[in-house]
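Subject: Structure handover

Hi,

Here is the structure I promised to pass on to you. Please have a look at it first, and then read on for what turned up in it.

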Amino acid sequence: MARLDIRNLAKRYGDFYAVRDVSLQIADGEFLVLLGPSGCGKTTTLRMVAGFIEPSAGHVALGGSDVTRLPPWKRNAGMVFQSYALFPHMTVAQNVAFGLEMRKLPKVDIDKRVEEALALVRLGGYGARLPRQLSGGQQQRVALARALAIRPDVLLLDEPLSNLDAKLRQEVRVEIRELQRQLGLTTVMVTHDQEEALTMADRLVVMNEGSVCQVGSQRDLYERPATRFVAGFVGRSTFLAGTVEAPGRFQTDGGLNLACSGGAPGRAVLSLRPERVEIAATPLSGLDNRLSGAVEFVSYLGSLTDIHVRLSPADRLVVQVANREGGLAPDVGQTVHVGWPASAGQVFNE
Amino acid sequence: MIGAVVRRRAGRWALNGAAALALAYILLPLIFVVWLAFFRQEIPSFPPEGYSLKWFAAILDQRKFVDGFSLSFQVGVIATLAGLALGVPAALCLDRFNFRFRGPFSNLLLMPLVVPGVVLGTAMYVFHVEVENGLDVDVIGTFYALVCGHIVIIIPWVVRLVTASLAGLDRTTEEAAQNLGANRWITFWRVTLPAIRPGMVAGALFGFVASFGNLEMSLFLVGPGRTTLPIVILQYLEWKIDPTIAAVSVIQILLIGTVMLITDRYVKLARVV
C-alpha cells in the first residue's frame, strides 16, 4: 500500500472540462470517497488514476513515483468495476489468478494467493465455478478478490455496490470497510450514493461540474457545507431565497424577516436542515426565529415524518420529526408553529 | 373461457403446422437425393428396382470427382483462413473505431452476400484479364486467383458473425485485464479473442460452406484441368443423370453435417447465428 497524490489533474474534451484542477492527497491506508452527481467528473478522475484516461494536465503519483504517463498495466492499482468485469470464459480461480500470472509468479505462489484472496472474501471452495454461476453479490466479491490478489498500491472502487440490491448493499459496505481497515488498503471509491459515502469514508470529496467543492469528514460536510451545492447534496436542506439586509438579518423573497449568522449583504439563500427546525402545535419560545404556517404535505417515513410547512407565498419549509409516542402528527391544512436558532441556518451568497 | 382455450390451441396447431411445412419444404429434396443415391437402376424412376452402393464406388472410379472434391476442399480451407485473417481485424475496426465512411465501409464488406455470383464472377474475370495484361503475369484460371475470389465470399460471413459476437463483449473486461497487468496484446489474446471465438468459428464454418458450394462465381475463375466440385457435378449432369451425382451430394451433406456437429460441440451455433 502506498500514498496517492493527485496534483492539478484536469481532463478537457474540446472546450468542455470533465475534470478541472483536482488536487487530492490520499494517505497510506486511507479510505477516500469521491461523491457527486453523475457527470461531475468523479469517475473520470478515478479512471485517470487507473490510467484508462490520459489527463490533459496534472500529475498522479503512487507511493511517491509519478505514474501519469504510465499505461494501466504498468501501474499497480487494483480496480473493482461497476459491472465487475469478470472474465466470463474463466473460472473464479482463473479470474483471480490473472493478475498474478501477468506478474509471472510461480504456479505454487499463484495457487496459494488465489486461495488466500478467495478466503478473504469468503468464497473459498468457489474457485472452480464460472462467474455466471454466481449471484451478483458473489461476483462482486470475486472482483474484489481479483483486485486484492495483486496486492495493489491503491484500491480503486468504481460504484462497486450499485448493482446489488439494497439489503445486500448494506452488508457489503461494512464488509469492504472492514477488509480495507484490516489490510490497511489505500482506497479511492467513487459513488453517487451519499449514504454509502457517509458510512464508508474516512474522508469525502464532493465534486460537481468537474471541480472539487469540498473535502472533509462526514461531520465537516454536513455541519459546515462550503457551498450551496454541498448543502443540498450531502443530507437534505431547505433553501429559502432572499437577501441579506445586514449581517445577521435575512429577508426572504416572501417577506419573512429572519435572524441568521454571518453572510455578506446581497442576494443569498438561507439553508436549513429539516431536523434542526423545531415544530409544535402551540407557539414556541426561546428561539431566534419563530413563525407559523399551514401544513401542506406530510410524508410518513417509518422512523421519521417529513412535514412541509407553508410560511409565506414564496417560502415553504421542510421539517423532520422523529416518530415517537405522543409526537406531533399534524394533518394537512393544520396551523403549526416552527422555530430555529440563528446558528441553525447557513447563508450562501450568490 | 373454453373458446379462448380452443383458439389458443388452434393457434398453436397452425404455427406447428406452418413450421412442419417449411421444414418439409427444405428437407424433402435432401431426402430424395439421399434415397436416389442408393437406387440400382441408371435412369432414376419410381419405384426403385432395387438398391445398390455401386454409385458410391463409381465416384472413386472417376478422377474428376476426386480431383474436384480435393480442389474445392483446398480452396475452401485456404480461403477460409485468409478470410479470417482479413475479416476479424475488419470487424474489430468497425466495432472499435468511428471513422469517416464507416457505414458505407461496413456495407461494402457485406456486399458479396447481395451481389449475384454471376456478376461477381464476371467482374473478377474482367479484373483478372486487366491485371494479366497490365502486369504480364499469369492470373486467369490460376489456383490463387480462385482462392482470392473465394476469400471475397467468405469475408462477409466472418465480418457479420464476429461483429455480432463483439456486440456481446463487455469492454470493461478488457480494461480489467489491463488493470491487472496485461498489455494490449495479451489483453487481446486472453480476453478479446476468447469472447469472439464463437463468432470466428461460426463465420469460418459458414464461409467454408459458401465457398465449397459456390458454382456461379467459380465458373469464371477455374482453368483447364482445374475444376471445383460443383462445376464437375454440373458438367456431369449435362451428359448423364445417373445416381452418381446423388451419391456425391450425399457425401457432401455428410461432410458438412459432420463439421457442423463437431463445431456445435465447442461453440453453440444457435447462440451466435
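Before the interface, one cut-off: two residues are in contact if their C-beta atoms, placed from the backbone, lie within 7 Å. Please also keep in mind that this is a predicted model.

**Where the chains meet**

With that cut-off, the contact takes 16 residues from chain A and 14 residues from chain B. On the chain B side, helix H7 (171-179) and helix H8 (184-213) each supply at least two of the residues that touch chain A. The largest share comes from H7(B), with 7 residues. Sorted by class, the chain B side has 6 nonpolar, 6 polar and 2 charged residues.

**A kinked helix in chain B**

Helix H6 of chain B covers residues 143-167, which is 25 residues. From first C-alpha to last, H6 of chain B reaches 36 Å, close to the 36 Å expected at 1.5 Å a residue. Where does the kink in H6(B) lie? It is at B:Ile154, shortly before the proline B:Pro156, and amounts to about 30°.

**Two domains in chain A**

Chain A is divided into domain 1 (4-229) and domain 2 (237-349). The centres of these two domains of chain A, taken over C-alpha atoms, are separated by 40 Å.

An open sheet of 4 strands in chain A has the order E2-E1-E4-E5, with antiparallel pairing. Strand E2 (16-26) and strand E5 (65-66) of chain A each have a single partner strand, so one side of each is left without a neighbour in the sheet. Strand E1 (residues 4-13) of chain A is joined to E2(A) by 7 bridges, and A:Lys11 stands opposite A:Val19 in E2(A). Helix H1 (residues 42-50) of chain A lies across E1, E2 and strand E4 (57-62) of chain A, and runs at about 115° to E1(A).

**The five-stranded sheet**

Another open sheet of chain A has 5 strands in the order E13-E12-E11-E14-E20, and its pairing is antiparallel too. Its edge strands are strand E13 (257-259) and strand E20 (345-349) of chain A, each pairing on one side only. On average, neighbouring strands of this sheet are turned by 40° against each other, direction ignored. Within the sheet, 4 bridges join strand E11 (residues 238-246) of chain A to strand E12 (residues 249-252) of chain A. A:Ala246 has A:Arg249 in E12(A) as its bridge partner.

**Strands E16 to E19 of chain A**

Strand E16 (residues 289-300) of chain A pairs with strand E19 (residues 335-340) of chain A in the antiparallel sense over 6 bridges, and here A:Leu291 stands opposite A:Val338 in E19(A). E16(A) also pairs with strand E17 (residues 304-312) of chain A, in the antiparallel sense over 6 bridges. In that pairing, A:Val298 has A:Ile307 in E17(A) as its bridge partner. The hairpin of E16(A) and E17(A) has 3 residues between the strands, and A:Gly302 in this hairpin takes a positive phi near 85°.

E17(A) then runs antiparallel to strand E18 (residues 315-322) of chain A, joined to it by 8 bridges. The bridge partner of A:Thr305 is A:Val321 in E18(A). E17(A) and E18(A) form a hairpin with 2 residues between them.

Key: Residues numbered from 1 in each chain as written. Chains lettered and ligands numbered in written order. Predicted model: local features only at pLDDT ≥ 70, side-chain atom pairs only at ≥ 80, totals over all residues. Expected span 1.5 Å × (residues − 1). Bend = angle between axes of the 7 residues up to and from the residue. Nonpolar A, V, L, I, M, F, W, Y, C, P; charged D, E, K, R; others polar. Pairing = 2+ DSSP bridges. Axes fitted to C-alpha atoms, helices over the stretch in contact; angles between N-to-C directions. Domains from an automatic or database assignment.
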